[in-house]
Every structure is written in C-alpha cells, then in structure tokens.
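Here is a short report for someone meeting this structure for the first time. Look it over, then read on.

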Amino acid sequence: MALSNSNVLGWAATDTSGHLSPFHFTLRENEADDVTIKILYCGVCHTDLHTIKNEWGVTNYPVVPGHEIVGVVTKVGSNVKKFMKGQRVGVGVMVDSCQECECCEQDLENHCLEHVLTYNSPYKGTQTRGGYSDLIVVHQRYVLYFPNDLPLAAGAPLLCAEITVYSPMKYYGMTEPGKHLGVAGLGGLGHLAIKFGKAFGLKVTVISSSPNKEAEAIHNLGADSFILSSDPEKMKAATGTMDYIIDTISAVHPLGPLLDLLKVNGKLAFVALPGGALELPIFPLVMGRKLIGGSYFGGLKETQEMLDFCGKHDITADIELIKMNEINTAMERLSKGDVKYRFVINIWNTLSSSNIY
Ligand SMILES: [Zn+2]
Ligand SMILES: [Zn+2]
C-alpha cells in the first residue's frame with residue numbers, strides 16, 4: 001500500500017494519562033529541500049515518557065512521540081542532492097532551526113533559539129509528529145546518513161541517547177586514552193558512556209546506587225570497575241582517582257561525593273535533567289581547579305560524526321525490540337527503570353498490524 005501524507009498512521013497520547021493509541025494525521029507535503037522517510041525503527045527515550053504525561057508542562061495533545069528514528073528515503077525534493085530514494089537515514093531530536101544565527105553557522109543547531117523539535121513543536125502551521133508513525137518529512141539539513149555497517153534497530157538510540165553522551169566527551173576533552181572516566185548512573189545514557197569510554201581507550205568505572213548492576217557493568221558492558229555509591233569506604237578509597245565524570249543521574253542527587261572522586265583539574269559533565277536544583281559545593285571545585293559543565297544533545301555535523309564513529313567502532317545500544325502495541329507496557333517499565341537499556345519499536349512490520357480500527 002502506498003503511503004500517503006494525508007492519512008499517516010501513528011500512535012499518540014491524547015491526555016496526561018500518557019496512554020498511547022492509534023492516531024491518523026496529515027503530514028506536510030515534501031517541499032524542495034525535504035526528504036520523506038518511511039520509518040522502520042524508533043527508539044523510546046525518557047523524553048517521550050515525560051512528554052506523553054506532560055511532566056514538563058509543554059505537551060500539546062495529541063502528541064506522537066519518538067526522536068530516535070531510522071528509516072529509508074521514499075522521496076526527495078528538487079534541491080536535495082545528498083540523499084536519494086532507498087537510502088538508509090536517521091532523524092534525531094530536531095528537524096529544523098533558523099539556519100542563520102551564530103549557533104546554526106557553527107553547526108550548533110541544537111542551541112539555536114528557534115530549533116524545532118522532532119515532535120510536539122509548533123511548525124509550519126501544524127505540530128511536529130515523531131517516530132511512532134509511518135512517515136516523516138524532514139528538511140535535508142536535519143537528516144543523517146545511517147552507516148551501512150550499523151544495525152538499524154540497535155542503531156536507532158544513537159540518534160538521541162548516544163549524541164547526548166558523545167558530544168560532551170568531545171567538547172570537554174574527555175577522550176584522552178589511558179585517562180579514567182567515571183560514569184555516574186547506569187541506564188540508557190550510562191551504558192553508552194561505558195561503550196564510548198572504552199572506544200576512546202579510557203579506563204571506565206561505573207558509580208551506581210544499585211549493587212545488582214555491578215556484574216552487568218563489568219561482564220556485559222565492559223566497564224573496568226564498579227563503585228557502589230552508598231558504600232562510604234569504597235567511595236573514600238576512590239577519592240581523587242578520576243579524570244572525568246559523565247553524570248547521567250536523572251534524579252536530584254548530591255554532587256559533593258562525585259566531585260571528591262575527581263583528580264585536580266578533573267571535569268564533570270551533566271547529561272541528564274534532574275527535576276530540581278542540585279546543591280553545588282564550591283570548595284572542592286575551587287581547591288581542585290575542577291570544572292562542571294552541561295551538554296544538550298548535539299548539532300547535525302557532530303551527530304553525523306558520532307554515527308560514523310559508531311559504525312567504525314561497532315558501537316550500538318543494547319536494546320529490547322518491541323511491537324508497536326507493546327508500547328504502553330514498555331512505558332510502564334521505562335518509568336521504573338526496568339529496561340536493558342533501550343526499547344526500540346519495530347515500526348515497519350508492527351505499526352499497521354497492531355492498529356485497532
Ligand atoms: Zn531522547
Ligand atoms: Zn539558528
């Protein structure tokens with residue numbers, strides 16, 4: 001069946017219960033600079049969960065989530081030279097920006113004040129719809145080549161989760177081989193930080209409050225060591241041993257114990273968004289000339305570089321592949337942190353078959 005822009009099938013949440021169900025919508029037409037993509041797989045990000053429940057207070061219902069999109073090009077506009085029909089492509093967190101501000105000119109479109117998110121953003125008189133659907137139309141600048149050596153499903157989470165971790169590691173210079181990286185929190189972002197750390201030649205230690213994650217971190221994900229954050233002796237023994245820390249903890253948490261783990265000149269980067277303010281102890285920062293920074297996914301050029309790096313180093317996410325009609329259970333499980341480590345929806349052969357007309 002040919003896919004039509006006027007009757008696209010997706011799954012949407014319609015109220016704060018966050019329950020997702022089939023939803024038909026009209027997609028904007030493919031213009032000269034656009035690429036139309038048949039969606040094959042879409043990763044399930046924490047942002048999707050926050051958004052369907054309106055936890056950040058910005059949701060416009062009905063909302064079709066999904067910003068870890070992998071698919072195949074079905075149509076290109078007359079100005080599009082770099083993509084062609086049949087090509088494997090990805091779409092991440094954003095689908096447009098002003099294209100002329102300082103950020104856009106420096107390939108930092110993710111910091112453009114007018115950047116348009118892949119879903120739940122007002123755009124061209126309508127609202128953007130994400131990857132829990134059949135089709136998407138995206139300006140070519142925001143479409144990424146998806147390397148042939150990357151598996152489609154396990155590669156989908158690279159589009160959001162992976163750039164979120166890769167970008168600060170590159171920007172803050174956390175890539176010097178032989179240095180010691182601490183990964184605080186072991187979830188979707190944390191497990192990818194381990195993989196990048198190892199690919200960059202770092203020694204990687206996971207810092208977690210869950211003792212049952214030790215075996216997983218070391219045996220399955222390749223971390224070199226594990227520190228239980230609630231064990232004061234272990235934490236003390238590791239004082240001043242780390243060059244870098246990637247903090248992926250999404251709950252409000254004390255920073256002092258993490259800063260103590262850093263060496264002089266150590267750097268800590270936040271990649272998660274805790275729902276409240278964190279207390280910042282100044283003494284360890286000043287005395288140890290330490291640096292704290294944040295990072296918010298990445299620009300298109302860097303995201304492409306990250307995808308190519310993942311293809312070369314065989315980095316993918318550990319995923320649980322689900323059918324479209326399993327999404328509500330998956331969201332329940334995600335809210336409890338019960339996933340290893342990313343759900344990915346098989347859109348291409350379960351979206352329409354799971355439709356409830
Ligand atoms: Zn995301
Ligand atoms: Zn801009």
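## Two domains

This is a predicted model. The domain assignment of the protein gives two parts. Domain 1 covers 8-160 and 318-350. Domain 2 covers 162-294.

How far apart do the C-alpha centres of the two domains lie? The distance is 29 Å. The domains touch through nine residues of domain 1 and seven residues of domain 2. On the domain 1 side, four of these residues are nonpolar, three are polar and two are charged.

## The largest nonpolar core

The largest nonpolar core holds 100 residues. Within this core, V165, V183, I246 and I345 touch the most other members. Strand β3 (residues 34-44) gives the largest share, with seven residues. Both domain 1 and domain 2 contribute residues, so the core lies between them. As a general rule, nonpolar side chains in soluble globular proteins tend to be buried together.

Take I345 as an example. Residues up to four places away in sequence are set aside here. I345 then touches Y41, C42 and V44, along with Y132.

## A parallel sheet

Six strands form an open sheet with parallel pairing. Their order is β14-β13-β12-β15-β16-β17. Which strands sit at the edges? They are β14 (225-228) and β17 (291-294), and each pairs on one side only. Neighbouring strands are turned by 20° against each other on average, with direction ignored. In general, strands of a sheet pair through backbone hydrogen bonds, either parallel or antiparallel.

Strands β12 (residues 180-184) and β15 (residues 242-247) show the parallel pairing, with four bridges between them. Across this pair, V183 stands opposite I246 in β15.

## A glycine in helix α5

G197 belongs to helix α5 (residues 188-199). Is G197 buried or exposed? It counts as buried, because it has 28 C-beta neighbours inside 10 Å. The cut-off for buried is 20 or more.

Neighbours within four places in sequence are left aside for its contacts. G197 is then in contact with L181, V183, L202 and V204. I322 makes another reference point: it is 125 residues away along the chain, and the two C-alpha atoms are separated by 28 Å.

## Cis peptide bonds

Two cis peptide bonds deserve a look. One runs from Y61 to P62, with omega near -10°. P62 lies in the loop between α1 (46-52) and β4 (69-76).

The other runs from K340 to Y341, with omega near -15°. Y341 lies in the loop between α11 (327-335) and β19 (342-346).

D107 is not a glycine, yet its phi is positive, near 60°. D107 is found in the loop between α2 (102-105) and β7 (116-117). With 15 C-beta neighbours inside 10 Å, D107 counts as partly exposed.

R289 is not a glycine either, and has a positive phi of about 45°. Its place is in the loop between α9 (282-287) and β17. Why does R289 count as exposed? R289 has 11 C-beta neighbours inside 10 Å, and a residue is exposed at 12 or fewer.

Notes:
Residues are numbered from 1 along each chain as its sequence is written. Chains are lettered from A and ligands numbered from 1 in the order in which they are written. This is a predicted model: local features need pLDDT of at least 70, side-chain atom pairs count only at pLDDT 80 or more; totals for chains, interfaces and linings use all residues. A nonpolar core is a set of buried Ala, Val, Leu, Ile, Met, Phe, Trp, Tyr and Cys residues joined through C-beta atoms within 7 Å. Helices (H or I, at least four residues) and strands (E, at least two) are DSSP runs, numbered from the N terminus. Domain bounds come from an automatic or database domain assignment. Two residues are in contact if their C-beta atoms, placed from the backbone, lie within 7 Å. Two strands pair if DSSP finds at least two bridges between them. Axes are lines fitted to C-alpha atoms, for helices over the stretch in contact, and angles run from 0 to 180 degrees between N-to-C directions. Ala, Val, Leu, Ile, Met, Phe, Trp, Tyr, Cys and Pro count as nonpolar, Asp, Glu, Lys and Arg as charged, and the others, Gly among them, as polar.
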